[in-house]
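This report describes selected parts of one protein model. Please keep the sequence and the coordinates at hand while reading.

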Amino acid sequence: MYSGQTVRLTLHEGGIAELCFDRQGESVNKFDKLTLGELREAADKLVAAPELAGLVVTSAKNVFIVGADITEFGKMFEGTEEEIAGWAGQANDIFNTLEDLPFPSVCAINGVALGGGFEMALVADYRVMSETASVGLPETKLGIIPGFGGTVRLPRLIGADNAIEWVASASNNKPKVALAVGAVDAVVKPEKLFDAAVRLIKQANDGKYDWQARRAQKKAPLKLDMIEQMMVFSTAEAFIAGKAGKHYPAPVAAVKAIQKAASKGRDDALKIEAAAFAKLAKTTVADALVGLFLNDQFLKKTAKAQMKGAVDFKQAAVLGAGIMGGGIAFQSASKGTPIIMKDIADKALDLGMSEANKLLSKQVERKKLTPEKAGAILSTIRPTLNYGDFGNVDIVIEAVVENPKIKKSVLAETETKVKPGTIIASNTSSISIDELATAMKHPENFLGMHFFNPVHKMPLVEVIYAEKTSKEAIATTVALATKMGKTAIVVKNCPGFLVNRILFPYFGGWEHLINAGADFVKVDKVMEAFGWPMGPAYLEDVVGIDTSHHIGPVLAEGYPDRMARTQRTAIDVMFEAERYGQKNGKGFYKYETDPKGKPKKTADPEAYALLKQVQKDGQKEFADEEIVERLMLPMIIEAARCLDDGIVGSAIEADMGLILGLGFPPFRGGALKYCDTLGMKHVIERCKAYAHLGKIYEPTESMLKMAADGKTYYVK
């Protein structure tokens, strides 16, 4: 009946048409301009064949449809709200044509159906779902709401309360859940999917199911009176606003769109959705979150390219047990790579195994693992006090104490115990990889592999190459990090590498501010309101003030012009008072254990008293805007320097390193994306206001040139 590059129409026995999504040359189906154009032509063919008995919508891929082509969003979102709403309207015209066909329709969902893919499924009168499929509307994760009818059809199908939960949470739902709420009508084995869809059409035509009533239900206003509407929507909006937070407007906007359209028929309701979609598409939040999705795809492609030439690895080892070693061992073993954990003390090995066991037990509690599976994983971690089995190890991760002499000694000894070609990686957070490489006879097999704490939660691993590191070593280490479920970013060796190098000027700006008399509690509140998961004083306590005090001089030596300490700081004061943060219960804050066993912070008068040593002129009030600028400008500038120095290959890698390694506010997109949002000319003007505070506020030559040329780090 019709054949295009992305869809085809086939006529089957009994007058049943099959609309199959099958994008040529690609592994997945998605909605882009080409697909929508061809879907329009296919829909017109179906309208011209009213004698058909029914329509089955299928996919020839392992997934159904992954959603809209997000790579097209950048250009499209540059249009006006009217133009963006018009784009959604054009798509909905096609969907409406399919929904209004004069015969019953069934969608056969064979795999992942997300966003526009699930909205396509909602167009059909009925949905049959494979046992291996999943469905959902994840748009709020991108800072937008569904634009192809998701906020209109889903609440009319499963009820407003269920639809609000699905849309606001952006959940990916399994067959059991989808069937329970009525989002799908049947769940079958994958091989029976098409036959089940055909049978459902025949039953609808035989009068067993009233397909016209089902269709009318989706096109009519919601069946809620005014009191029910008020109860559903007011409660939902308050709850979702509290959960999403003020920086993420999309979940609340979705609730409002559903509410506003509740008393409307389909066509008017779709216009309300399109207007809400367009308004969100123009926000900086949507710009940043859509960018994050694309950046994540970029990192995956980059890692894939960097893994070329990787050596096959079957056995790993970690040197140094304890919390970090146990975390690394857990991560490796749980993702299928057996690991030996070596230490020089039984006590440390016990701690490492206890950490791994604790993490596995939590997964059992959450029903992510069976006790048997958890036990099997734990058995692939082998604690040892000697190098007995190191002859079979393919890659070793050194995670001993952060001391260059000790690390060099351990690394040199390890090299004599492993087979030729074994890769040895140091999990250092600050020590030069080139410096550590001087202890190695084969520096080509050596590099850095910096995990962030806690290992099981933090998604980033910095893979740091030294001057003599081979491409093979980089490729294999990226492959191991990827297999461990981490995002690897390859970084050129320098003091602080990428993340800590950019973090410390932020801390430097904060230390200047505290010395000038700022209240650390207020600064924390301002930066948390800006979007950071924790303010700088709280972050110092969590990282460990002793750790920060140790790394500071390393960075000061590497970048004396802007990171050298010219005066005593709040960190010096706390360190000298042996207030190390959460690890010993007192830092800038005092920590006590809450009923759930988690550390709870309270402001400590002793910390204020100690800070008087560096706050010579007493406390002073600072405006919120100044606090943000004095901390964020140094971070932007240092991120620009990392790019200029070739520490990372792109603005994307710099920004994603900060988001994945530090928790930089995702809705701001990273330091360089945030710079783009502010505008480079504005950033440079604000730098001038703080020039008297030192070189950390001095923009780079590249920044000045970008301002003059009107350029940005990200090109739409």
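## Basis of the model

The model is predicted, with local features needing pLDDT of at least 70 and side-chain atom pairs counting only at pLDDT 80 or more, while totals for chains, interfaces and linings use all residues. Residues are numbered from 1 along each chain as its sequence is written, and side-chain values use heavy atoms, with hydrogens and water left out.

Helices (H or I, at least four residues) and strands (E, at least two) are DSSP runs, numbered from the N terminus. Buried means under 20% relative accessible area, exposed over 50%, and partly exposed in between, with a 1.4 Å probe and protein chains only. Contact means heavy atoms within 4.5 Å.

Strands of a sheet pair through backbone hydrogen bonds, either parallel or antiparallel. Two strands are taken to pair if DSSP finds at least two bridges between them.

Strand β11 covers residues 316-319; Ala316 and Val318 point one way, Ala317 and Leu319 point the other way, and all are buried. β11 pairs with β12 in the parallel sense over 4 bridges, and Ala316 has Ile339 of β12 as its bridge partner. From β11 the chain passes through α14 to β12, a right-handed β-α-β crossover. Right-handed here means that, with the strands pointing away from the viewer, the path from the first strand over the helix to the second runs clockwise. β11 also pairs in the parallel sense with β14 (residues 395-398), over 4 bridges; there the bridge partner of Val318 is Ile397.

β14 in turn pairs with β15 in the parallel sense over 4 bridges, with Val396 opposite Ile424 of β15. A right-handed β-α-β unit is made by β14, helix α17 (residues 404-415) and β15. In β15, Ile423 and Ala425 point one way and Ile424 and Ser426 the other, and all are buried. β15 pairs with β16 (residues 446-451) in the parallel sense over 3 bridges, where Phe446 is the bridge partner of Ile424.

## The sheet of β6, β8 and β9

An open sheet of 3 strands has the order β6-β8-β9, with mixed pairing. β6 (112-114) and β9 (172-173) stand at the edges with a single partner strand each, so one side of each has no neighbour in the sheet. β6 and β8 (residues 134-136) pair in the parallel sense over 3 bridges, and Val112 has Ser134 as its bridge partner in β8.

What span should the 20 residues of α15 have at 1.5 Å a residue? The expected span of a helix is 1.5 Å times one less than its number of residues. For α15 (residues 346-365) this gives 28 Å, and the end C-alpha atoms are 28 Å apart, in agreement. The buried residues of α15 are Ala348, Leu349, Gly352, Met353, Glu355, Ala356, Leu359 and Leu360. Seen down the axis of α15, these fall within an arc of 145°, so they line one face of the helix; the arc is that of the directions from the helix axis to the C-beta atoms. An α-helix has 3.6 residues a turn, so residues three or four places apart point the same way. Asp346, Lys347, Asp350 and Glu365 are exposed on the other side of α15. The buried residues of α15 pack against α14 (322-334), β12 (339-342), α16 (371-378) and β13 (381-384). Lys367, with a positive phi near 65°, follows α15.

Helix α19 (residues 471-483) has 13 residues and reaches 18 Å from its first C-alpha to its last, close to the 18 Å expected. Its buried residues include Ala473, Ile474, Val478 and Leu480. The buried residues of α19 pack against α13 (284-306), β14, β15, β16, β17 (460-465) and β18 (487-492). Gly485 follows α19 and has a positive phi near 85°.

Ser430 lies in the loop between β15 (423-426) and α18 (433-437). Is Ser430 buried or exposed? Ser430 is buried, at a relative accessible area of 1%. Its side chain makes a polar contact of 3.1 Å with that of Glu402. A polar contact is a pair of N or O atoms within 3.5 Å; within protein, one must be able to donate a hydrogen and the other to accept it, and residues adjacent in sequence count only if both atoms are side-chain atoms. Leaving aside neighbours within four places in sequence, Ser430 is in contact with Glu402, Gly496, Phe497, His550, Ile551 and Val554.

Ala556 belongs to helix α23 (residues 545-558) and counts as buried at 14% relative accessibility. Ala556 and Pro495 are 61 residues apart in sequence, and their C-alpha atoms are 9.0 Å apart. Beyond its neighbours within four places in sequence, Ala556 is in contact with Met563 and Ala564.
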